[in-house]
Amino acid sequence: MNMLVDQLRSLPDEALAALLRMRPDLVVPVPSDLSALALRAQTRASIARVLDGFDRFTLEILDAARLSRGGPEDTTDLETIFTLASGVDRDTARAAIDRLRARFVLYGPENALSIAVGVDEVSSPYPAGLGRPASLLDAGAAELVADPARLRRTVLAAPPPARAVLDRLAAGPPVGTLAGGSDAGSPVRWLVDNALLVPVPSGGFELPREVGLLLRRETGPLGALHPSPPKINAPAREPKAADSAGAGQAMDAVRHTEALLVALEAEPAAVLRSGGIGVRELRRLARSAGLDDASAATLLEAAYAAGLAGEADAHAAPVGRPSPETQVLPTARFDAWRASSIARRWTDLAGAWLTMTRQPGLVGQRDERDRPITVLAPEVERSGAPATRRAVLGILVAQPPGTAPATDELLGLLDWEAPRRTRGRESAYREVLIEAALFGVTGLGALTAQGRALLADDAAELGHDERVAADPLGMRPEGALSPDDPPSTVKVLDALLPAPVDHFLLQADLSVVVPGPPVPELAAELDVVAEPESAGGASVYRVTPEAVRHALDTGYAADDLHSLFRRRSRTPVPQALTYLIDDVARRHGGLRVGGAGSYLRSDDESLVSEVLADRRLSGLALRKLAPTVLVTPMPSARLLQELREAGYAPVPEDANGATVRGRVRVRRAPARTAGLARLGPVDAVAGVQLTQPRLLGIVEQIRRGDVASRTARRAPAAVRPGNGSGPVAVQTHSQALAVLQQAIRDKALVWVGYVDAHGSTASRLVRPVSIGAGYLRAEDERTEMLHTFALHRISAAVLD
């Protein structure tokens, strides 16, 4: 421990800041001194976090250090580690050792390297897959391994089944159970009887280390080492084909997300008491958007993370249905998002997916109480989800464009880069690949151009934050943004998508073909005047009587519709469409609906009589009040709906008899901002970004605390702080004053014990300069600063 503290103390500020950057958990909270920093650097949690970031070969070298340590100080050295890893280039092994030393997992001089205390607590008890020495296991096994020739003869004499067990245990782990294999004549029984295996108290058996080393004579003491990552053998895709496929998928992701939010706008989803929305609601939304449940859940989670959906208190529910307390519906931001370009919408959506702390793949699984996990539920929250996505995409971005590794190849790379973090989480990485394809971040299995730009923009934003933190006033040129910053994701995707169009092609069958992504204005018009039939690079709509009636309901007049189709169409307007608009407009408004349960009136008495006699409307319980007025106990919304389903064209009116035009006012959830995780050295606990100036400030604070604690330990007992109740021994005020006056005359150093403004006791070594007006003025030679102490707060003074 003292060696680690001394080594940390000898580091320059920049090197100590680099350690804190690589291990940001060490500054949460900021340690009081270097002793506290050293203690925290060896704790179980901190060591586990730093080991999680090491690649497979670095962990193998750490196992070599654990395996080779010994002596009174329990240390190892570089040459011994190099000998154990003899099959690997020394420079490669040295680089792994440097990574361990830079993070102080290994520390000390090269000929006496110590291992951080917490390493053994969080690592396997069997380094390199080897068991404990025979001397720690059994006297018979120790006697056997003490004679190498006898040990070799015993191993060679093992029957084939027993030798197979030995080879399997030698590869690691070196332990097993006796269940089903302890009968007389079994391979395990033979090995135990011949001291090649040792029973352990837990009921199993263990292979002694010396036997394992003998069986590894061909592969080396550490077994098969993995100094380099596995190769990618999958054939490369054509980058343009992958980008085009990803761009098409990006358009679909935006379109499907919009469809989901429009469905939520029409019928908000009730929030369950346990959180999230129910399985039936998810299926309803998925059907409305033409998606499977898993894809709908992923897009809903991303939309919620992007602030496009939120929760709001429910209004009054329809008659006969309970009113839920909370509902999920679009936010006010959805309107602005819907009016922006496809590239901008995709960037917002994919950026939220990349950084959200949610794992949509959990939706549909069962929790610990065997209940289904629902979309937007608290159980989907996973703080490590952003790191999982970046790990997968980081593998892809490091490959040449068009590289499409197979899933197993990618998992193999991930297992090499961070085996402790990867094992047991393979399903989460597979889910990331599925989600990346859904959003168009990958196309044909390869990372797309917009996917690379998305990651580059995220990293560029972090770099901008660091430059701003280093130069907040913009006084230095390097503090400004460079014109060579990574390209914008929006620009990259815009170049891949078809150019937006502001026109369409009208066909004789009243279909409307949009030969490309419509501009926002055209999309809004088509949403009102036509019904969608298919989407993609070229969208197809159809003009129907219901669509024309809907347009008239929202405030369009017949002349407005004729003008719109003439202005937007690049083909002649079919005569059938003109007749359709005129016919629907002529009938539109012939009936008027109002409230009182609700009423129905018309100037056409024959039309009122026709409605009253219509058997399809018998469920409305219509009753004639006057030749031109009918009433019903049903609400006006239902009256409107059933009249339209029966082929009539009523319009609503207000209490003054004026026609109500315009679109129905839709509810919106309160605007919300999602908390997004950032790339770079960000502490997962505190969520603060550790820029270089901040790190150097933390280093300065730790060093000041270290000096203060060392000074306190050196102080005489008379001025040393106690347990918070004051100095251990307190002088009288006159005694302390006499010591101070003598120090002024002799220009000597003196230890001063005092009580600060917060009531805490402290001590300081100073050189008194003067006493007057109730204050002592003294110089701290270490910092060359002049301090002023109130005499009534000085509790003791002792000459150095």
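Good morning. I begin with a sheet in this predicted model: three strands form an open, antiparallel sheet in the order β6-β8-β7. Here, strands are DSSP runs of E with at least two residues, helices are DSSP runs of H or I with at least four residues, and both are numbered from the N terminus. Two strands count as paired if DSSP finds at least two bridges between them. The edges of the sheet are β6, residues 269–270, and β7, residues 309–313, each of which pairs on one side only. Strand β8 covers residues 326–330 and runs antiparallel to β6, to which two bridges join it. In β8, Val328 is the bridge partner of Ala269.

A word on conventions. Residues are numbered from 1 along each chain as its sequence is written, and side-chain values use heavy atoms, with hydrogens and water left out. As the model is predicted, local features need pLDDT of at least 70 and side-chain atom pairs count only at pLDDT 80 or more, while totals for chains, interfaces and linings use all residues.

Turning to the whole protein chain, the secondary structure comes to 32 helices and 24 strands. Of its 800 residues, 45% are buried, where buried means under 20% relative accessible area, exposed over 50%, and partly exposed in between, with a 1.4 Å probe and protein chains only. The accessible surface, from the Shrake-Rupley method with a 1.4 Å probe, is about 39,100 Å², and 53% of that surface belongs to carbon and sulfur atoms. Among contacts (heavy atoms within 4.5 Å) with a separation of 6 or more, 65% join residues 24 or more positions apart.

Next, the interior. A nonpolar core is a set of buried Ala, Val, Leu, Ile, Met, Phe, Trp, Tyr and Cys residues joined through side-chain atoms within 4.5 Å. The largest has 65 residues, and Trp346, Trp353 and Phe439 have the most contacts inside it. Helix α14, residues 239–266, gives the most to this core, namely nine residues. A second, separate core has 34 residues, including Leu100 and Leu222. Beyond its neighbours within four places in sequence, Trp346 is in contact with residues including Ala250, Val254, Phe439 and Leu493.

Finally, is Arg103 buried, partly exposed or exposed? Arg103 is partly exposed, because its relative accessible area is 22%. Arg103 lies in the loop between α7 (90–102) and β1 (106–107). Not counting residues up to four places away in sequence, Arg103 touches Leu19, Met22, Arg23, Val50 and Phe54. The C-alpha atoms of Arg103 and Leu20 are 8.8 Å apart, although 83 residues separate the two along the chain. Thank you.
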